Amino acid sequence: MKPATWAYAESYVAEDDVLARARLRAAEVGATPIGQGGGAALRFLAAVLNARAVVEIGTGCGVSGIWLLRGMAPNGTLTSVDIEAEHQRLARESFAEAGFPHQRTRLITGRALDVLPRLTDGAYDLVFCDGDKREYPEYYEEALRLLRPGGVVAIDNTLWHDRVADPAQRDPETVTIRELGKRVLDDDRVVPVLLPVGDGLLCAAKKA
């Protein structure tokens, strides 16, 4: 794909000033939220699923949360987990600025692998993973437990800065993401697709 074509597709759904300010908050604390094209894909998935219950691993100062909430059902609730309390404080500012009442978000500060086991089996429509790349395999298994049949897990950074497609790249994060991609592809429990948006969005629908 030519760079100009990728840029055109990535910016096809424009971000507004609310999202721009959320990105600025993220940049100020060194957080890297999902890109514009990936965010649009999350909103699309939430809308297609008419999602009422979504789990997000990695709050990202509110960027991905805003995209998700804008696609979810009007009465939907986003549960967002992050180890950084400051990132969640900034996310609350972003959600309020976007006009979402506080009842629509449940922000839990803590390590994802400590929090996720406490959430209810089969109670969620969509799980978005954007936390510690080395924990992605565990997030994936937790997501399948949390999802209802027909629900979707979406995992960000699954092209990992062009490293996953290069067999010579053998750093721990790249190897973990590459092996997860193979694992999802071979998993009879799901229907997978790898979307070349942003830094890669690996999605899998849980079979009934």
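Predicted model: local features only at pLDDT ≥ 70, side-chain atom pairs only at ≥ 80, totals over all residues.
**Helices 7 and 8**

I started with helix 7 (residues 136-146) and helix 8 (residues 172-185), whose axes come within 9 Å and cross at roughly 30 degrees. For this I took helices (H or I, at least four residues) and strands (E, at least two) as DSSP runs, numbered from the N terminus. The axes are lines fitted to C-alpha atoms, for helices over the stretch in contact, and the angles run from 0 to 180 degrees between N-to-C directions. Helix 7 and helix 8 are therefore roughly parallel to each other. My note on angle words: under 35 degrees is roughly parallel, over 145 roughly antiparallel, 65 to 115 roughly perpendicular, and the rest oblique.

Which residues of helix 7 and helix 8 make the contact? Helix 7 brings Tyr136, Pro137, Tyr140 and Glu141, and helix 8 brings Thr176, Ile177, Leu180, Arg183 and Val184. Contact here means heavy atoms within 4.5 Å. I sorted the residues of this contact and got 6 nonpolar, 1 polar and 2 charged. In that sorting, Ala, Val, Leu, Ile, Met, Phe, Trp, Tyr, Cys and Pro count as nonpolar, Asp, Glu, Lys and Arg as charged, and the others, Gly among them, as polar.

**A note on the model**

Residues are numbered from 1 along each chain as its sequence is written, and side-chain values use heavy atoms, with hydrogens and water left out.

**Helices 2 and 4**

Next I looked up helix 2 and helix 4, whose axes come within 9 Å and cross at roughly 150 degrees. Helix 2 and helix 4 are therefore roughly antiparallel to each other. On the helix 2 side I found Val18, Leu19, Ala22 and Arg23, which meet Val63, Ile66, Trp67 and Arg70 in helix 4. The residues of this contact divide into 6 nonpolar, no polar and 2 charged.

I stayed with helix 4 and asked how many of its residues are buried. It's 8 of its 9 residues, and the helix is mostly covered. Buried means under 20% relative accessible area, exposed over 50%, and partly exposed in between (1.4 Å probe, protein chains only). The buried ones are Val63, Ser64, Gly65, Ile66, Trp67, Leu68, Leu69 and Gly71.

I picked out Ser64, which is found in helix 4 (residues 63-71). Ser64 counts as buried, at 2% relative accessibility. Leaving aside residues up to four places away in sequence, Ser64 touches Ile34, Leu42, Glu56, Gly58, Thr59 and Phe128.

**Salt bridges**

Then I went through the charged pairs. Side chains of opposite charge can pair when their charged atoms come close. The structure holds 18 salt bridges, each a side-chain nitrogen of Lys or Arg within 4 Å of a carboxyl oxygen of Asp or Glu.

Arg25 forms one with Glu97, and their closest N and O atoms are 2.7 Å apart. Arg25 lies in helix 2 (residues 17-28) and Glu97 in helix 5 (residues 85-97), so this pair ties together parts that are 72 residues apart in sequence. Glu97 is partly exposed at 31%.

Arg89 and Glu86 also form a salt bridge, with the closest N and O atoms 2.7 Å apart. Both lie in helix 5, 3 residues apart, about one turn of the helix. I found both partly exposed, Arg89 at 38% and Glu86 at 34%.

I saw that Arg21, Arg25, Glu86, Arg89, Glu93 and Glu97 are linked in a network of salt bridges.

I also noted Asp125 and Arg148, whose side chains meet in a salt bridge (2.5 Å, N to O). Asp125 is in strand 4 (residues 124-129) and Arg148 in strand 5 (residues 147-156), so the pair ties together parts 23 residues apart in sequence. Asp125 is buried at 10%, and Arg148 is partly exposed at 24%.

**Cysteines**

Last, I looked for disulfides (pairs of cysteine sulfur atoms within 2.5 Å). The structure holds 0 of them.
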